[in-house]
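User: Could you take a close look at one ligand site in this model and walk me through what surrounds it?

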Amino acid sequence: MTATPLLRATELSKTYRVGRALLPARRRAVQAVSEVSLEVMPGETLGIVGESGCGKSSLGRCLMKLQDITSGTLEFEGRDITRASAARMRPLRREMQMVFQDPAASLNPRRRVGDLLSDPFRIHAACDRAEIPDRVAALLRRVDLLPEHAMRFPHEFSGGQKQRIGIARALALRPKLVVADEPVSALDVSIQAQIVNLLADLREELGLTYVFIAHDLSVVRQISNRVAVMYLGSVVETGPVDRVFSAPRHPYTAALRSAVPVPKLDVPRPARTILSGDLPSPLNPPPGCRFHTRCPRATALCRAERPALLPDGQGGALACHHPLEA
Amino acid sequence: MPAEPLLEVSGLTVSFRTEDGLVEAVRGISFAIAPGEIMGLVGESGSGKSQTLLALMGLITSPNAVLSGSVRFRGQELVGLGRRALDRIRGRDMAMIFQDPMTALTPVHTVGAQIVEQIRAHERISPRAARARAVELISAVGIPAPADVAGRYPHQLSGGMRQRAVIAMALSCNPALLIADEPTTALDVTVQAQILELIGRLRDEFGSAVILVTHDLGVVAEIADTVRVMYAGKVVEEGSKRDLFTAPQHPYAWGLFASIPPLEGARPARLSAIPGTPPRLSALPAGCAFRPRCAHAHAACAAMPALTGEGGHRAACVLSPARRAELLAAGEARS
Ligand SMILES: Nc1ncnc2c1ncn2[C@@H]1O[C@H](COP(=O)(O)OP(=O)(O)OP(=O)(O)O)[C@@H](O)[C@H]1O
Ligand SMILES: Nc1ncnc2c1ncn2[C@@H]1O[C@H](COP(=O)(O)OP(=O)(O)OP(=O)(O)O)[C@@H](O)[C@H]1O
Ligand code: SF4
Ligand code: SF4
Ligand SMILES: [Mg+2]
Ligand SMILES: [Mg+2]
């Protein structure tokens, strides 16, 4: 018997309408997420990487049901929640939480940290009112802050501490799933290391499942079991994170991997694949493989036919007509 | 003989009066930048990198801020200069890319209109030509469908696209000094490579100098000539890129290098991280501010260490050079 995935997206798409384009006066559609299918098993961490603007945040918000899903289905613990109403989502909100990139912007500057952290308990009537201060103190300790920090305002904390507060708030009600959108991008490497360690500890202790969106491949490798690589709204390669980053098979993944700047001098570095060619627009995606305008391996087949995301026989999947050797 | 500096900063301090007392965000920083030099500025979140840059641009406007020291650009003192005179320099001779792109963009105009305005503020050029230039710039920073994106509002772009729109704006006048606060933090590595190339081109073609704040030491290794490391409002180490990468001297810098997660080889069970939290800037310990977190702290660290060293490679730490070499050889900067 295979276990039920905690989260399953099937051909999930998200389209935005944008108006007032320079040329035609009519409104046009941006397909930010295009038929993405993925599963996240309980306890695992799925990393998501991809080009800026390829739809990672849009996908993350759809997975959290923070915005409408245009088409496709989304299941949480086997239940279809694609069209679930706000009322039906309310109990589920406890179980799925989001951590945002910019901790400063997601914390109301006029409220004390203790009040911010009490909200989840109050809104969901998760415990006795009298118990709340103890719960808040425990949460603060859990993320290596001090109970007396509850009296302070967000601006009195450093970037890393604010991110801890964001994490504490997401964890208040012991969710099953946490979607973290670039949670450490704004932090220096030492504080980043502290937060990554903290997220890993919390995963062990609370049995959490993460979807971890980031563009730092080393950080993604450190925290994830599997990774999904996105390009222009679609998943192009998935697999165990070590395999995907050490031996990428999709040409876009290979280009991404080769562009990582190495924090050392005088090390022989792999030749960087410079992506040239026209950047495709999500307003008007190219036919065939969406990467063909920039792919060094593109052929006539790639220009004509869109490759499907197919299992690669090694626990991953790949969408390419001419993948790199395994 | 080194070229005359383009920018010379001496004794720069920035403090804020708060309920908590005086917060000393920048505590007496001095450095010079030559034309064509790319300086990487790294350091802990909250160590004063952004406040330093804002002070250079004359952009610290809080009524509670107290600023002192001197900032000379091409020999002209900028501290205390009037707003009109500053406006003539800013945007044209000195341009800044802000850490938060929304600081530079207003939500009510399209990004194209905002870039056009920036170009026309400093150059006599027709609206049409400015518009064409704006679209060109948007394309140069790697945004697809540039003409279309020019017609969109900031909230209709992804985080990385907004950041690139701000970069396009800063590059629009080929400034002699580009001040960039984490310009590529929101970008994926392929786009980052493209932006770094643009910055390199600005230097090669126009001889521009660049101050680049980043926490990505890979970016520093790639593009910087010189590096400064900040901790608690002070520069604690400075030198050439080679100095910093081959023989870092300050224990805080060691901690930074050790914290970088590896992209290859075995995954460590835990990342190495500097223990403890950054100091409160309103209650700094006497002497070396890194003392409460430093594994090598001893009695001598209670006095403020000066920035000392040979050949432009200097660190603010009381450990003897011999002792530091010993610790470094024993693997201090390795994870
Ligand atoms: N509210 C919106 N209205 C119109 N278009 C949008 C909106 N939000 C996002 N988009 C578009 O959808 C696409 C995907 O954006 P998204 O923010 O999901 O990308 P991302 O992968 O998170 O990028 P980044 O790495 O830069 O954060 C982009 O082309 C963006 O312009
Ligand atoms: N208006 C203000 N009032 C009081 N303190 C302030 C104010 N603005 C900034 N600070 C403090 O000044 C210090 C330096 O901030 P700065 O933004 O320069 O840090 P940074 O090095 O850029 O950090 P990061 O890497 O997180 O961007 C911080 O501790 C911050 O809390
Ligand atoms: S399908 Fe063709 S164009 Fe697309 S990634 Fe593979 S080789 Fe390149
Ligand atoms: S001066 Fe002392 S406390 Fe400061 S970094 Fe050097 S050894 Fe550590
Ligand atoms: Mg995003
Ligand atoms: Mg900053």
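Predicted model: local features only at pLDDT ≥ 70, side-chain atom pairs only at ≥ 80, totals over all residues.

Ser50(B) belongs to helix α1 of chain B, while Gln99(B) sits in the loop between β6 (94-97) and α3 (101-104) of that chain, so the pair ties together parts 49 residues apart in sequence. Ser50(B) is partly exposed, at a relative accessible area of 21%, and Gln99(B) is partly exposed too, at 36%.

Both residues turn up again around ligand 2. Its surroundings comprise 15 residues, and Gly46(B), Lys49(B), Ser50(B), Gln51(B) and Gln99(B) are the closest. By type, that shell holds 8 polar, 4 nonpolar and 3 charged residues.

Now for the polar contacts. A side-chain N or O atom of Ser50(B) is 2.8 Å from an oxygen atom of ligand 2. The backbone takes part as well: a polar backbone atom of Lys49(B) lies 2.9 Å from an oxygen atom of the ligand, and a backbone N or O atom of Gln51(B) is 2.8 Å from one. On its own, ligand 2 has 650 Å² of accessible area, of which the protein covers 71%.

Finally, the elements of chain B that give two or more residues to this shell are β1 (7-18), β2 (21-33) and α1 (49-56). Helix α1(B) gives the most, with 3 residues.

Note on methods: Residues numbered from 1 in each chain as written. Chains lettered and ligands numbered in written order. Heavy atoms only, no water. Near = heavy atom within 4 Å. Polar contact = N/O pair within 3.5 Å; in protein donor to acceptor, adjacent residues only side chain to side chain. Areas by Shrake-Rupley, 256 points an atom, 1.4 Å probe, with all protein chains shown as cover. Helix = DSSP H or I, 4+ residues; strand = E, 2+ residues; numbered from the N terminus. Nonpolar A, V, L, I, M, F, W, Y, C, P; charged D, E, K, R; others polar. Buried < 20%, exposed > 50% of the residue type's maximum accessible area, 1.4 Å probe, protein only.
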